[in-house]
Amino acid sequence: MISIDWKARLKKDTEDFLNKKLPNKDFDIDIIYNAYPERIDNKVPKDIIVLVSKHIASEVSKNPETHMDFFDYLWKTKGENGKIALSIILAKLVKMDPRKYIDYSGTLLKTCKEITHAQFILDKAVYPIVKKYPDTFLDKIIKWLGGNNSILKQAIMKLLIKLIRADNNLIKPVFRKLEGLWLYANEDMIHFNIDFLKAVSKINPDFYRNIFVSYKISRNPVFIEILTGSINSYDQEIFDIVENWTKSGNARLKKAALAAHKIMIRKKG
């Protein structure tokens, strides 16, 4: 809990920073909260960073295009506190101009080296707008999977699972967009789709089962690897489909089916 006195002090120091430091390209926001005496694991409490960042966001959002160098500075040079601050600022900017600042968010996210840093922006700035307008912004999120940043892929997985848990109606559109990538899926994307289907199997078992039904005559090894790799429980209808795949003459397909078949027999007990 931040005391009333400290809230007033932080607000005043933030206004001083905005009026005196920021116009002169002095972007070091540490000066605002370094005097705060409490530390958690030798770090300024996150609540303090959030409070200060909200004050900053209110001001810089009035004319954000003039502050892009400040945003880049926060992301590149101010460590975790800078990334928290920027996620708060972007949350406001995305609401004002979703297309522009979702794209800017994507540019930053592609440089992430820690999943928590990616999650700051995805949770604060990206998730709310994608949840509200999935038809408009899901494609952008899926396109971010095209790079080689495994950290970003992990964070996007968490975002997609959060979306479908919050709204089961989003399972189908998210799945369809990922399904469209199956044909050319590399090893990373195979595992990504497996993890997504594992989440679907828990959230909506009926939808999950119907995916298998729709692919029961497929003999594409990549598709079967994705489907069978997601199996971690017993379902008679899925079992029958997998059992049929175990009889395939394609070695890769058969290997994937046999592994899933064994899991399902064990789970059946």
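# Exercises on a predicted helical model

In the largest nonpolar core, which has 97 residues, Ile-56, Phe-70, Ile-89 and Leu-160 touch the most other members. The model is a predicted one.

**Exercise 1.** Find which residues Leu-160 is in contact with, leaving aside its neighbours within four places in sequence.

Solution. Step 1: Leu-160 is one of the core residues that touch the most other members. Step 2: with neighbours within four places in sequence left aside, the contacts of Leu-160 are Leu-138, Ile-142, Val-174, Leu-178, Phe-192 and Phe-196. Step 3: as a general background, nonpolar side chains in soluble globular proteins tend to be buried together.

**Exercise 2.** Decide how helix 8 and helix 9 are oriented to each other, and name the residues that make the contact.

Solution. Step 1: helix 8 covers residues 134-143 and helix 9 covers residues 150-166; they pack at an angle of about 150 degrees, and their axes are 11 Å apart. Step 2: angles over 145 degrees count as roughly antiparallel, so helix 8 and helix 9 are roughly antiparallel to each other. Step 3: their crossing is left-handed. Step 4: helix 8 contributes Leu-138, Ile-141 and Ile-142 to the contact, while helix 9 contributes Ile-156, Leu-159, Leu-160 and Leu-163. Step 5: sorted by class, the contact of helix 8 with helix 9 has seven nonpolar, no polar and no charged residues.

**Exercise 3.** Describe the packing of helix 6 and helix 7 by angle and axis distance, then sort the contact residues by class.

Solution. Step 1: helix 6 (residues 98-109) packs with helix 7 (residues 115-132) at an angle of about 160 degrees, and the axes lie 11 Å apart. Step 2: helix 6 and helix 7 are therefore roughly antiparallel to each other. Step 3: helix 6 passes helix 7 in a left-handed crossing. Step 4: on the helix 6 side, Pro-98, Ile-102, Ser-105, Leu-108 and Leu-109 meet Ala-118, Ile-121, Leu-122, Val-126 and Ile-129 of helix 7. Step 5: the residues of this contact divide into nine nonpolar, one polar and no charged.

**Exercise 4.** Is Leu-93 buried or exposed, and which residues does it touch?

Solution. Step 1: Leu-93 is located in helix 5 (residues 79-96). Step 2: its relative accessibility is 1%, so Leu-93 counts as buried. Step 3: not counting residues up to four places away in sequence, Leu-93 touches Ser-61, Pro-64, Phe-71 and Tyr-101. Step 4: Leu-93 and Ser-58 are 35 residues apart along the chain, and their C-alpha atoms are separated by 9.7 Å.

**Exercise 5.** Is Glu-225 buried or exposed, and what does it touch?

Solution. Step 1: Glu-225 belongs to helix 13 (residues 221-229). Step 2: buried means under 20% relative accessible area, and Glu-225, at 18% relative accessibility, therefore counts as buried. Step 3: apart from residues up to four places away in sequence, Glu-225 touches Ile-190, Ile-194, Arg-252 and Ala-256.

**Exercise 6.** Locate Lys-25 and Asp-41, and give the phi of Lys-25 and of Asp-41.

Solution. Step 1: Lys-25 lies in the loop between helix 1 (4-21) and helix 2 (30-33). Step 2: the phi of Lys-25 is near 65 degrees, a positive value in a residue other than glycine. Step 3: Asp-41 is in the loop between helix 2 and helix 3 (46-60). Step 4: Asp-41 has a positive phi of about 55 degrees, although it is not a glycine. Step 5: with 69% relative accessibility, Asp-41 counts as exposed.

Terms used
Residues are numbered from 1 along each chain as its sequence is written. This is a predicted model: local features need pLDDT of at least 70, side-chain atom pairs count only at pLDDT 80 or more; totals for chains, interfaces and linings use all residues. Side-chain values use heavy atoms; hydrogens and water are left out. Helices (H or I, at least four residues) and strands (E, at least two) are DSSP runs, numbered from the N terminus. Buried means under 20% relative accessible area, exposed over 50%, partly exposed in between (1.4 Å probe, protein chains only). Contact means heavy atoms within 4.5 Å. A nonpolar core is a set of buried Ala, Val, Leu, Ile, Met, Phe, Trp, Tyr and Cys residues joined through side-chain atoms within 4.5 Å. Axes are lines fitted to C-alpha atoms, for helices over the stretch in contact, and angles run from 0 to 180 degrees between N-to-C directions. Angles under 35 degrees count as roughly parallel, over 145 as roughly antiparallel, 65 to 115 as roughly perpendicular and the rest as oblique. A crossing is left-handed if the near helix is turned anticlockwise from the far one by less than a right angle, and right-handed if clockwise. Ala, Val, Leu, Ile, Met, Phe, Trp, Tyr, Cys and Pro count as nonpolar, Asp, Glu, Lys and Arg as charged, and the others, Gly among them, as polar.
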